[in-house]
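Visitor: Could you take me through one ligand site in close detail? I would like to see what surrounds the molecule and what touches it.

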Amino acid sequence: MRLLVLPGDGIGPEIVGEAVRLARWFSADLGFDLEITEGLVGGASIEAHGAPITDAVVEQALAADAVLFGAVGGPRWDHLERPARPEAGILRLRQTLDLFANLRPAVCYGELAGASALKPDLIEDLDILIIREATAGVYFGLPRGIETGPDGARRAYDTQSYTEAEIARICHVAFATARTRSGRVCSVDKANVMETGALWRAVATEIGAQYPDVALSHMFADNCAMQLVSRPKQFDVIVTDNLFGDILSDAAAALSGSLGLLPSASLSAPLANGRRRALYEPIHGSAPDIAGRGMANPIATLLSFGLCLRHSMDRPEAADRLQQAVRTVLAEGIRTPDIAVDGPSVSSAALTDAVLRQLENPSSPVETKARR
Ligand code: NAD
Ligand code: IPM
Ligand code: MN
């Protein structure tokens, strides 16, 4: 297993450091060779090389079995031109590795129902999967720019564009995945206003006809945002475009209790050898407001490695064990500050220690005293 680790900026190195400890534990436990290479991305790469990612790191990502990514960005680099900003690093990886299928599961652990802004009965046992198209749409559409007209007034424009093939392939992922879950897909668009939305809905319907055993519904994105925060359990698989997926997945994170809980997997189509290129990252950013204090919630990144076990390493049972260990640790009341509500909290490292102890010895009671 060749794992390229790209910690990035802010809390990135803190949470990825914890996930690497977890990866090494699984490598020893399951007896697979783990070859970890570490690289720079985002602001860290800008400081060292003057660019948010280098060709060498992109080559390493192409050669790796999987990439484990932290987060990029921060106020220090916000003044830079768009292609020079930290965020361009992750966007280039998504595009070059063709990671069009971004899976963002949002699970609400019953133990954390109190940490969510919603009433516990609305989110208890919530288990939804947002499937976000991640290599097209307004993030990448051309032309884009800011120009100054003859009158000196500025105009900015982006292009939202989707081809039939780009919509079809993400819909296939959604329908195939729904078959392994409750067999329901909700396709989210703005077909009432946008041409891309109209094509999205038409193609989703056509692809859906190839999966008669999966129930397809459609919803406008604004209504979906509202339904997510009022009746989230109606959803199972949501499939949507790049921008709506970005926004709706942060909203889904708030349902689960914290942005620090949601992992993601970004997958390509199968290559000639049958494998998919893959990048695993938490859905949250570099959290500059809490960086450097050892208090970031590592669970999103630990579970991102869990998705790596599931999707790149064909070890679903190990991914299940990890999920169970996280659940038990939360049940024991061990929490980082973002999910502690008014109770005691522990550091990122202490929470990871508790998860590792659970994995090591699932029956042993975990010490529940708060540690800093
Ligand atoms: P953010 O996700 O970094 O933070 C939003 C809020 O959530 C903050 O209050 C933060 O403290 C909290 N938070 C996030 N992750 C947490 C964790 N693991 N544990 C506890 N609390 C956590 O979003 P932002 O503040 O809008 O953006 C900050 C920077 O991150 C920006 O430069 C942005 O572009 C970048 N960003 C990067 C990625 C990525 O690399 N994939 C994703 C989102 C944002
Ligand atoms: C995410 C982030 C990224 C996105 C940024 C950092 C480019 O918000 O992964 O959700 O908008 O896709
Ligand atoms: Mn986002």
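Guide: A polar side-chain atom of Arg 94 lies 2.7 Å from an oxygen atom of ligand 2, a polar contact being a pair of N or O atoms within 3.5 Å; within protein, one must be able to donate a hydrogen and the other to accept it, and residues adjacent in sequence count only if both atoms are side-chain atoms. This is a predicted model, where local features need pLDDT of at least 70, side-chain atom pairs count only at pLDDT 80 or more, and totals for chains, interfaces and linings use all residues. Residues are numbered from 1 along each chain as its sequence is written, chains are lettered from A and ligands numbered from 1 in the order in which they are written, and side-chain values use heavy atoms, with hydrogens and water left out.

Arg 132 has a side-chain N or O atom 2.8 Å from a ligand 2 oxygen, and for Asp 246 a polar side-chain atom is 2.9 Å from an oxygen of ligand 2. Of the 320 Å² of accessible area that ligand 2 has on its own, the protein covers 77% (Shrake-Rupley method, 1.4 Å probe; for residues, only the protein chains shown count as cover).

Around ligand 2 you will find Glu 87, Leu 91, Arg 94, Arg 104, Arg 132, Tyr 139, Asp 246 and Ile 283, each with a heavy atom within 4 Å of it. Domain 1 (1-106 + 257-372) and domain 2 (117-255) both contribute to this shell, so ligand 2 lies between them; the bounds come from an automatic or database domain assignment.
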